[in-house]
Amino acid sequence: MPSAARLLGVVYEAGDLDARIVGATVRIRETGATATSTATGGWAFDVPAGDYTVEASASGYAASTHRLSPIHIPEPTRQAETSHARFS
């Protein structure tokens, strides 16, 4: 079984880290998995180790795509070691 890993990020307006975008759709292109950004703009996926293309889109904003590699989370601790991506 592949190692557990986590992708974690924040969706925000270009150039303003404090302007979080709530309700954006975040999708992993390779798996089709989707998440919706939270009230803080946050999103997360638990995935097997590997490289992933993550896309974010929200009404009124240009879509953004980033290539990410998750960080391994040792079992059974599964602490929040993460890769971060920010979208604008």
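Let's start with the core. The largest nonpolar core has 16 residues, and Leu-7, Trp-43 and Phe-45 touch the most other members. A nonpolar core here is a set of buried Ala, Val, Leu, Ile, Met, Phe, Trp, Tyr and Cys residues joined through side-chain atoms within 4.5 Å. Buried means under 20% relative accessible area, exposed means over 50%, and partly exposed is in between, with a 1.4 Å probe and protein chains only. Which strands supply this core? E1, E3 (25-28), E5 and E6 each give at least two residues. Strands are DSSP runs of E, at least two residues long, numbered from the N terminus. As background, nonpolar side chains in soluble globular proteins tend to be buried together.

A word on the model. It is predicted, so local features need pLDDT of at least 70 and side-chain atom pairs count only at pLDDT 80 or more, while totals for chains, interfaces and linings use all residues. Residues are numbered from 1 along each chain as its sequence is written, and side-chain values use heavy atoms, with hydrogens and water left out.

Now the sheet. It is open, has four strands in the order E4-E3-E6-E7, and pairs antiparallel. Two strands pair if DSSP finds at least two bridges between them. Strands E4 (34-36) and E7 (64-68) are the edges, each pairing on one side only. E6 (residues 52-57) and E7 run antiparallel, joined by five bridges. Thr-53 has Arg-67 in E7 as its bridge partner.

Next, the hairpin. E1 (residues 4-13) and E2 (residues 16-20) pair antiparallel over two bridges. Two residues sit between these strands, and Gly-15 in the turn has a positive phi of about 80 degrees. Tyr-12 stands opposite Arg-20 in E2.

Take Glu-55, in strand E6. Is Glu-55 buried or exposed? Glu-55 counts as buried, because its relative accessibility is 17%. Its side chain makes a polar contact of 2.7 Å with the side chain of Arg-27. Another, of 2.5 Å, goes to the side chain of Arg-29. A polar contact is a pair of N or O atoms within 3.5 Å; within protein, one must be able to donate a hydrogen and the other to accept it, and residues adjacent in sequence count only if both atoms are side-chain atoms.

Then Asp-46, in strand E5 (residues 42-48). Asp-46 is partly exposed, at 47% relative accessible area. Its side chain has a polar contact of 2.8 Å with that of Arg-6. The C-alpha atoms of Asp-46 and Ala-4 are 6.9 Å apart, although 42 residues separate them along the chain.
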